[in-house]
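Please read it alongside the sequence and the coordinates.

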Amino acid sequence: MKGLFITFEGIDGSGKSTQATLLKNRLSQMHYPVVFTKEPGGTALGGKIRKILLNEDMNPVSEFLLFASDRREHIEKVIRPSLLNGKIVISDRFTDSSLVYQGFGRGVSLNFIRQVHQYILKGLKPDLTFIIDVPPEVGIERIHKKDRIEREGIDFLRRIRKGYIEISKSDERFVIVNGTGTPEKLNDFIWKVTLRRLRNGQER
């Protein structure tokens, strides 16, 4: 079986982490080989970077470069080896988060972000990306723990949502999911899309 790389994206409070976990559980129950990971923090070094990112104020470019450092480790130590072993990798956030949070949200050059990604990715990109879309007002209501990024407020989340909608037009791998439904209904839709993608991959 060829490896499959699935990512989940969305504004804070969208429910993407819940949906990523539900998909992982469902695939595991069907005996698919699954690796579940996240950004930032998918490696030992990434865990240390995550603490800095969530608690320290910094320049937006510095912030992006820390995410990029975490991502490089993540790719080389977790994602690429797992894919080469034919596993399904599910990541809670990946490159698209940097494009919308540091790019659309904080004003870092999109070209700069893409150039750094081109260097660290070396051709790797997700096969399927679910964007869990909710109004910023809904996201704010769902957030309990307010870290540095979440404290930015609703205007910041509006820019993030707009960014996700914009980048979703650039590649067929994106699937926008209405995140205001029940977790069970969302999971059923995501499961159907994933299963179709798996079957199409096996038929090639």
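Arg159 is found in helix α7, where helices (H or I, at least four residues) and strands (E, at least two) are DSSP runs numbered from the N terminus. This is a predicted model, in which local features need pLDDT of at least 70 and side-chain atom pairs count only at pLDDT 80 or more, whereas totals for chains, interfaces and linings use all residues. Residues are numbered from 1 along each chain as its sequence is written, and side-chain values use heavy atoms, with hydrogens and water left out.

**Arg159 and its surroundings**

- At 37% relative accessibility, Arg159 counts as partly exposed, a class that lies between buried (under 20% relative accessible area) and exposed (over 50%), computed with a 1.4 Å probe on protein chains only.
- Leaving aside neighbours within four places in sequence, Arg159 is in contact with Phe104 and Gly105, contact meaning heavy atoms within 4.5 Å.
- From Arg159 to Glu76 the separation is 83 residues in sequence and 31 Å in space, taken C-alpha to C-alpha.

**Salt bridges**

- The structure holds 17 salt bridges, each defined as a side-chain nitrogen of Lys or Arg within 4 Å of a carboxyl oxygen of Asp or Glu.
- One of them joins Lys16 to Asp92, with the closest N and O atoms 2.6 Å apart. Because Lys16 lies in helix α1 (residues 16-29) and Asp92 in strand β3 (residues 88-92), this pair ties together parts that are 76 residues apart in sequence.
- Both partners of that pair are buried, Lys16 with a relative accessible area of 8% and Asp92 with a relative accessible area of 9%.
- Glu76 and Arg72 also meet through their side chains in a salt bridge, at 3.8 Å from N to O; both residues lie in helix α3 (residues 60-84), 4 residues apart, which is about one turn of the helix.
- Glu76 is partly exposed at a relative accessible area of 36%, and Arg72 is likewise partly exposed, at 26%.
- A further salt bridge links Lys125 with Asp171, the closest N and O atoms being 2.6 Å apart. Lys125 lies in the loop between α5 (110-121) and β4 (128-133) and Asp171 in the loop between α7 (154-167) and β5 (174-178), so the pair ties together parts that are 46 residues apart in sequence.
- Lys125 counts as partly exposed at 46% relative accessibility, as does Asp171 at 22%. Through salt bridges that share partners, Asp96, Lys125, Asp171 and Arg173 are joined into one network.

**Packing of α2 against α3**

- The axes of helix α2 (residues 44-55) and α3 come within 9 Å and cross at roughly 160 degrees, which makes α2 roughly antiparallel to α3.
- The axes are lines fitted to C-alpha atoms, for helices over the stretch in contact, with angles running from 0 to 180 degrees between N-to-C directions; angles over 145 degrees count as roughly antiparallel, under 35 as roughly parallel, 65 to 115 as roughly perpendicular and the rest as oblique.
- In this contact, Leu45, Gly46, Ile49, Ile52 and Leu53 of α2 meet Glu63, Leu66, Phe67, Ser69, Asp70 and Glu73 of α3.
- The residues of the contact of α2 with α3 divide into 6 nonpolar, 2 polar and 3 charged, where Ala, Val, Leu, Ile, Met, Phe, Trp, Tyr, Cys and Pro count as nonpolar, Asp, Glu, Lys and Arg as charged, and the others, Gly among them, as polar.

**Ser91 in strand β3**

- Ser91 is found in strand β3 and counts as buried, at 0% relative accessibility.
- Not counting residues up to four places away in sequence, Ser91 touches Phe5, Ile6, Thr7, Phe8, Thr37, Lys38, Glu39 and His74.
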